[in-house]
Amino acid sequence: MARIQNWKPEDPDFWREQGSALAWRTCGVTTFSLIFSFATWFVMSAVVVRMPAIGFKFTTSELFWLAAIPGLASGILRLIHSNFIPLLGTRAVISVATILKIIPMVWLGYAIQDLSTPWATFMIIGFLCGMGGGDFSSFMPSTSIFFPKRLQGTAMGIQAGLGNFGVSIVQFVAPWIIGFAALGTVAGGPQVFTKADPIKGALAVTKEAGIVRDVQVANAEYAGAIEVVRGEDGRIKDVILKATDTVKPIKAAVKKDESGRITEVATSKGVALDVKRNPAGEISDVALRNVVKKGMWLQNAAFIWVPFLLLAFVLSVIFLRSLQLPTRGFMGQFEILSSRNRARTHTWNCTMTYICSFGSFSGFSAAFPMLIKTLYGGFDGAPDPLAYAFIGPLLGGLVRVATGGFFDKIGGSKGMQWTTIGQIAGVVYLVAGGYLTPSSVEQFSGFLYGMLWIFLMSGINNAATFRQYPIVFAYSPAKGAQMLGWTGAWAAFGPFVWNALIATSIDKTGAVNAFFIGCAVFYVYSLAINWWYYTRQGAERYDYGNAGGTWWDALPEAEKERMKRVDLGQPA
C-alpha cells in the first residue's frame, strides 16, 4: 500500500477535513497493540517471584538478572526501532513487531513447566521478551508525526499512559490467571506451588560463627516430632522431622499421567523442617514451617497474551497507514548526533532527562516485585509481591493519560522540573526513613507509599517529555519523532540497569541503599540540565506551553527556514 504524501497536520483545514480522523485511528490501534507489547515485556518480572515456589533453584541474584534481561534487549531494540518509522512506515513496522512477540510467550509457557529448564534458557527467553519494550520506539514516533504540535503531548500522553497499563495488567492478571487451568489441558498441567510460613517460638536455635550448635524444641507440641542427630564430637549432624498424632509432615497430593507428568494437584497442608547448610555441609540454619501445597499454572502468565497479540496484528494490518516523511535515508537518522543545529547537545540532554523519567518508571516497575520479596519477604506475615506490584505501574500510567493535555498548556519543561524534585524527595524519604533496611514487616506500608510516590512523579515526568522533545526539535518533525524513539531506547535499559545495579548493591553491601542514593544523584543532574537548557527564563529552547509560547514560536520565519535547510544538509 502506497504511503500517504503531503501530510500537513499543522494546517487547520487539512487537520479538520482529513488529518484528525486518521491520526486518532492510528493512535487507537497502536495504543491497543502497545498495551500487550508492555505486557509481554514485563511478563518475566511477574513470573520470577513465583519460580522458587514451584521448584526452580535459582539464587536471588539470578532472579534479579532474569527480571533485568528484558530491559537489556528492549534498549538495544529501541535503538534499532528509532530508525524504522521514517524509513519503513507505521503499518509495516507495527504489524511485524506485534506478531513476533508471540514467539517468547509460547516458549516461556512451555519452558516454565519443566523444572530442568536451565537459567541460561530463561535468560534467552527474557531477552526475546524485550521485543515488547523495544518497539515502543516505533509506536511513539509514529504518533508524533501524525499529530500537530499543539496536540502531541495529549496524544502521546494517552498512548504511553494506556500502553503502560500493560505493565500493571500483567502484574495484576498473573496472580489470578495462574491459579486455575484457565486455558484447559492444551496449555499443560499444573505445577506444585509451595507456600511456607515460619512457626514462631517452635525452635530455639543457637549459632556460633554462622553454624548451628544447638537446637532446642521450645514448643511442647513439637517435642516428639523433632529429632536432633549429633556426631561423636557432639556437633549437630542433622535435624529430622517425624510424624506424630498432632504433627503431620507436608506431602504433595498429586496425580500423574502415564508419562509421569502432573495432571492434578490437590491442596494439602502440613509442617516442614527447613535445614540449611553452607558449602562445607555444616548446618547454618533450622526453621519449622507451616506449609501449604497447591496447584499453579504458571504457564498461563505467558500463554494468555497470545490471542491478544494476534488480534492486535490483524487490526494493525487492516487499519494502519504510513506517511512519507522528508528524511535523508538511514544514515540521515544519525544526524541527531551531529553538530547541526546543536543536535548532539540536545540529544544528550533529552536522553538524560528521559532516563530520569521513563527509565525510572520502567526500572522500578521491573524491580518492584523482587524488591518487595527481598526486603520484606523474610518476615512473618510477609506481603505477597504480586498483590502490590501492579499498583505503581498503574498509577504511573494513569497520570500520563491525565496530564498530557495539561503540559500542552503550560509546557513540558516546567512539569519535568517539579516532578524530578519529587523523585528526589521520594528517594530521600525511603533512605532516611529506614524503609530499605527494615527491621519489621510493619515498615512495609512506609516503603509502599514511598515507592508509589516515585511511580507517580516519574509517570507525570514522562508525560511532560512527550510535549517537550518535539518542541526541542521543532525544526524537523522527523527528528522530533526520532528523538522520542532514541531517548526511549536508552530509557528502556531501565529494567536491566535497575535490576542489575540492585543485585550488585545487595551483593557488595548487603542492602539496596547505595543504589537508591545513586538514583538521587542522577536525578539532581537531570534537574540541572532541564533547568538550564529548557526551563529558566531565556533558556535556549524553552517551552512555556501553548499559552506562554516556545523558542520556535519566537524565531523569525527566515531563521526557521535556515534551520530547516541546515537540518537537510542544504546551504544555509
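This is a predicted model: local features need pLDDT of at least 70, side-chain atom pairs count only at pLDDT 80 or more; totals for chains, interfaces and linings use all residues.
**Hairpin.** I then followed the two strands along. Strand 4 (residues 226-230) and strand 5 (residues 236-241) run antiparallel and are joined by five bridges. Five residues sit between the strands of this hairpin, and G234 in the turn has a positive phi of about 85 degrees.

**Helix 22.** Next I checked the span of helix 22 (residues 513-535). At 1.5 Å a residue, its 23 residues should span 33 Å, and I find the end C-alpha atoms 31 Å apart, which agrees. I also looked for its buried residues; among them are F515, F516, Y523, L527, I529 and Y534. N513, S526, N530 and T535 are buried too. The cover over the buried residues of helix 22 includes helix 15 (343-376), helix 18 (412-432), helix 19 (444-472) and helix 21 (494-509).

**Largest pocket.** The space amounts to about 1,500 Å³. Of the 40 lining residues, A53, T194, K195, A196 and K373 lie nearest the centre. Strand 9 provides the largest share, seven residues. By class I note 21 nonpolar, eight polar and eleven charged residues.

**Second largest pocket.** The volume here is about 690 Å³. I find 31 lining residues, with E10, K149, S476, P477 and K564 nearest the centre. Helix 9 (136-146), helix 10 (149-163), helix 20 (477-491) and helix 25 (557-567) give two or more residues to this lining, and helix 25 gives the most, with five. The classes come to 16 nonpolar, six polar and nine charged residues.

Technical notes
Residues are numbered from 1 along each chain as its sequence is written. Side-chain values use heavy atoms; hydrogens and water are left out. Helices (H or I, at least four residues) and strands (E, at least two) are DSSP runs, numbered from the N terminus. The expected span of a helix is 1.5 Å times one less than its number of residues. Buried means under 20% relative accessible area, exposed over 50%, partly exposed in between (1.4 Å probe, protein chains only). Contact means heavy atoms within 4.5 Å. Two strands pair if DSSP finds at least two bridges between them. On a 1 Å grid over the protein atoms alone, a cavity is a set of points where a 1.4 Å probe fits but cannot get out, and a pocket is an open set with protein on both sides within 12 Å along at least five of seven lines; lining residues have an atom within 4 Å of a point. Grid points are joined across faces, edges and corners, and a volume is the space filled by probe spheres set on the points. Ala, Val, Leu, Ile, Met, Phe, Trp, Tyr, Cys and Pro count as nonpolar, Asp, Glu, Lys and Arg as charged, and the others, Gly among them, as polar.
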